[in-house]
Amino acid sequence: MAGRIVCWGAALGLGAVWWWAVLRLATAPDAGALEAAVVAGGWGLSLLPVHCVPRGRAAGSLGAAVWRAVRGTATRAWPRPRSDG
């Protein structure tokens, strides 16, 4: 229960800081690099796929045998370059 409260508090606090930076960047003529960095960082974090699950647990995921078959077909069609290492 305490962990959930901490997570929500952190999310609300960081969200408030992000909105402060957005509003300051949009309205204040003296807004600078700090506000721009906070806004860009928050926007960049929103692009992360936070709702990912492992491939084996995903609904409609393909089994390992299917992936091996696909890779085998692709390997025959487009051979990989040889590595010298």
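The largest pocket in this predicted model has a volume of about 200 Å³, where a pocket is an open set of points, on a 1 Å grid over the protein atoms alone, with protein on both sides within 12 Å along at least five of seven lines. The volume is the space filled by probe spheres set on the points, which are joined across faces, edges and corners. Its lining, made of residues with an atom within 4 Å of a point, consists of Ala10, Ala11, Leu14, Gly15, Val17, Trp18, Trp19, Val38, Gly42, Trp43 and Leu45. The elements that give two or more residues to this lining are H1 and helix H2 (33-46), and the largest share, 7 residues, comes from H1. By class, the lining has 9 nonpolar, 2 polar and no charged residues; Ala, Val, Leu, Ile, Met, Phe, Trp, Tyr, Cys and Pro count as nonpolar, Asp, Glu, Lys and Arg as charged, and the others, Gly among them, as polar.

Residues are numbered from 1 along each chain as its sequence is written, and side-chain values use heavy atoms, with hydrogens and water left out. Because the model is predicted, local features need pLDDT of at least 70 and side-chain atom pairs count only at pLDDT 80 or more, whereas totals for chains, interfaces and linings use all residues.

The protein chain holds 3 helices and 0 strands, and follows the pattern α-α-α when read along the sequence; helices (H or I, at least four residues) and strands (E, at least two) are DSSP runs numbered from the N terminus. The accessible surface of the protein chain, from the Shrake-Rupley method with a 1.4 Å probe, comes to about 7500 Å², of which 69% belongs to carbon and sulfur atoms. Buried residues make up 5% of the 85 residues in the chain, with buried meaning under 20% relative accessible area, exposed over 50%, and partly exposed in between (1.4 Å probe, protein chains only).

Side chains of opposite charge can pair when their charged atoms come close. The structure holds 2 salt bridges, each defined as a side-chain nitrogen of Lys or Arg within 4 Å of a carboxyl oxygen of Asp or Glu. Arginine 24 meets glutamate 35 at 2.6 Å, N to O; glutamate 35 lies in helix H2 and arginine 24 in helix H1, so this pair ties together parts that are 11 residues apart in sequence. Glutamate 35 counts as buried at 7% relative accessibility, arginine 24 as partly exposed at 25%, and aspartate 30 as exposed, with a relative accessible area of 55%.

On the surface, Val17, Trp20 and Leu34 form a nonpolar patch with about 300 Å² of accessible area together; patches are made of residues with over 30% relative accessible area and no salt bridge, with like charges joined within 9 Å and nonpolar side chains (Val, Leu, Ile, Met, Phe, Trp, Tyr) within 5 Å. Tryptophan 20 lies in helix H1 (residues 2-27) and is partly exposed, with a relative accessible area of 41%. Valine 39, in helix H2, counts as buried at 18% relative accessibility. Valine 39 and leucine 25 are 14 residues apart in sequence and 8.5 Å apart in space, C-alpha to C-alpha.

Key: On a 1 Å grid over the protein atoms alone, a cavity is a set of points where a 1.4 Å probe fits but cannot get out, and a pocket is an open set with protein on both sides within 12 Å along at least five of seven lines; lining residues have an atom within 4 Å of a point.
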